[in-house]
Amino acid sequence: MRSCQNLFLCMHDFLSKTALAYCPVGSVMTFYYKIFRCLLHYLQTSCCCRSNEISVYSTMDVGELLSFKPSVNAKRDYQTDNNEQDTSRKKKLKLGGFGQSSGEAMGKDLDAFFSSAKQKVAVDDKPKKKSTRLQLDAGGAVSSGMKRTVNIAAPTPVASNVNHEVATQSEVPEETEEERQLRLLEMWEEKVQKNQGESNEVEEYDDQRVKKLILTFEKKVFRNQEMRIKFPDNPEKFMESELDLNDVISEMKTLATMPEQYHYLVELRAINSLLTLLNHANSDISIAVIDLLQELTDVDTMTENEEGAEVLIDALTDGQAGALIVQNLERLDESVKEEATGVHNSLAVIENILELKPELCATLSRQGLLAWILKRLKAKIPFDSNKLYCSEILSIILQSHDETRQQIGDMDGIDAILQQLASFKRHDPKSAEEIELMENLFNCLCSSLLYSTNKNKFLNGEGLQLMNLMLREKKMSRSSALKVLDHAMSGSDGSSNCAKFVEILGLRTLFPLFMKPPKKTKKIGTSTKEHEEHVVSIIASMLRNLKTSQRQRLLAKFSENDFAKVDRLMELHFKYYDRVLAVDNRLEEEKSKLQQDEDFDLEELEDDFYLRRLDAGLFTLQHTDYVIVDICASASSQIKQRVLQILNLRGGSVKSIRSVIREYAGSIGDKDGASVEVEQQRIMGLADKF
């Protein structure tokens, strides 16, 4: 049982808060006094305190009670015999930041604020002060507002203050209780905010404090290693050191807001220690380290200080961070919520590194990242955010590196992606996240097909059959399947896929899409411009790669239904020719204005102008005109007559088509210089024959 002094302190704190929050200023002391008397009566009847102590408090007036400060150093009436429980209690108080000293400080703080708040409310308004002084100078009695009367002639110091306050209130329009409570609360909030501002200033990390934190971390790491070696079979012995280590790792997250201090992490070898902890026997420690690395490598933070970001990324690369993260991923069980979060944060670290240094894609793939992602995608577990994140990372590492494209082909990654996409051939994705997963997988497949050997693996994996089936089913996957076919058939290395597409009756699926583009759905789908671009590109690739009978089957399609497909070709020609011509006119106007500037450099704007022309539809126009001149040279003469007839009706000219074809011949390219020259000569010959 606590002593009476300590009990009085607790009641003093509680009643100060309660009276301040719920009572108007004029009745605070009455409330305080009555409640306190009731508690004293309870203490007397329950024999909680000694009688001499109760008698001291029971004889006090309200003013004396408000100004009274009980002793806070009173000892307990008994001593506990359990030293371990006492030690544990002290440790908890220390960790929690609460103890007797904090209770004393809070009590003093509230007492001081309570007294100052009453005086401030009483004297804040100058007219109130003047009215009170006039009454006091006149010698008039001032009503206290209480049931009992107070003698003004000989007041006690506290009673005088009370009468002064009440007199002030009696001569002016009284505030409502809500207004007074709000004023007191606003004063308290200002004080709390001021204290928080002061504490934030104290918590600022300078160079010395950062170094001290890193050294503390190193000590905790060494201590944990020492305890694990000393007591390998007794977790109770080293568990405390691991808790301390986890705490200091969490504290180091404050460094994530100071990228200018990252060099200390490298200079003091803290990065090496963090990477070592990724293989810690306790997965909770490795997850905490991953969480810290995710905070440190956050792109928004690192862009604030590029020098610090580069130092950190270089240190992680030198420390084989990718391989260590993958090793840690292998042992995490995603059925556990915390470990699933660790997997997500690990992928976030990799994404941050690749966003800052894309050239590390091949390095991370060699360190096992690509193999783990393919394994995770093939895992037969319900769809979750981690699977979506894996598809995003895979799409990133396949975008611009032939080495990673070759690796995914060698790992049978093409088959793995096709297996994942097969679930969408007859069923649409159920959510926006699954739609994003599907699109990411299609993008991965398109990027993989940019490597020539992967086109044969796509063919052997029956990728053409799957894409053709998606085109027929008319699901959300149709537009993306068309894009994949475009990548699979383009170039000289796509000839096998072109031949196979004709064999599986793909022309029956393709030409209806050529004649009438599907409407774009609300959730997903390519625009009409993109759809027409892919369809025309596929037809141009087949004309270029097909031989003998298969080519004749393709050419015969343009003679069907009274040359309806020729009419559609000419419609596309005029549509995109007008768009490109309009952009060319605007570019000429911009050039004429820029040439007046002495610092004008046309070469710097050439690429920008060309990209703007491509965006207007130059690529589709070039392939459309190539198909026109090819079928006019190879098919029946009636097709050419139909083309010339439409040109005359629409005011077009053969010269415009020839100019587009010559530009197209000059823009084609391939790795093999000899094949480029042969293809250019072939296209120029078609233009001359037209």
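A residue counts as buried when its relative accessible area is under 20%. By that cut-off, Cys-444 is buried, because its relative accessible area is 0%. Cys-498 is buried as well, also with a relative accessible area of 0%. These values come from a predicted model.

The protein has 690 residues, and buried residues make up 43% of them. Its secondary structure consists of 37 helices and 0 strands. Among contacts between residues at least 6 apart in sequence, 75% join residues at least 24 apart.

The cysteines were examined for disulfides. A search of the whole structure finds 0 of them. A disulfide needs two cysteine sulfur atoms within 2.5 Å. The cysteine sulfur closest to that of Cys-444 belongs to Cys-446, and it lies 9.4 Å away. The gap is therefore too far for a bond.

Residues up to four places away in sequence are set aside in the contact list. Ile-373 then touches Cys-390, Ile-393 and Leu-394. Gly-413 is 40 residues from Ile-373 along the chain. The C-alpha atoms of these two residues are separated by 9.9 Å.

Helix α32 was then considered together with helix α35. Helix α32 covers residues 560–594, and helix α35 covers residues 637–650. The two pack at an angle of about 40°, with their axes 10 Å apart. The crossing of α32 past α35 is right-handed.

Both helices supply side to this contact. From α32 come Asp-562, Phe-563, Val-566, Asp-567, Met-570 and Phe-574. From α35 come Gln-638, Ile-639, Arg-642, Val-643, Ile-646, Leu-647 and Arg-650. By class, the contact has 8 nonpolar, 1 polar and 4 charged residues.

Two further residues of α32 were examined one by one. His-573 is found in this helix. Its relative accessibility is 1%, so His-573 counts as buried. Neighbours within four places in sequence are again left aside. His-573 is in contact with Leu-621, Thr-624, Asp-625, Ile-628, Ser-656 and Ile-657. Asp-562 is also found in helix α32. Asp-562 is one of the residues that meet α35. At 55% relative accessibility, however, Asp-562 counts as exposed. The cut-off for that class is over 50%.

Asp-562 has a positive phi, near 55°, and is a residue other than glycine. Leu-505 is not a glycine either, yet its phi is positive at about 65°. Leu-505 is found in a loop, between α28 (495–503) and α29 (506–515). With a relative accessible area of 33%, Leu-505 is partly exposed.

Notes: Residues numbered from 1 in each chain as written. Predicted model: local features only at pLDDT ≥ 70, side-chain atom pairs only at ≥ 80, totals over all residues. Heavy atoms only, no water. Axes fitted to C-alpha atoms, helices over the stretch in contact; angles between N-to-C directions. Helix = DSSP H or I, 4+ residues; strand = E, 2+ residues; numbered from the N terminus. Left-handed = near helix turned anticlockwise from the far one by under 90°. Contact = heavy atoms within 4.5 Å. Nonpolar A, V, L, I, M, F, W, Y, C, P; charged D, E, K, R; others polar. Buried < 20%, exposed > 50% of the residue type's maximum accessible area, 1.4 Å probe, protein only.
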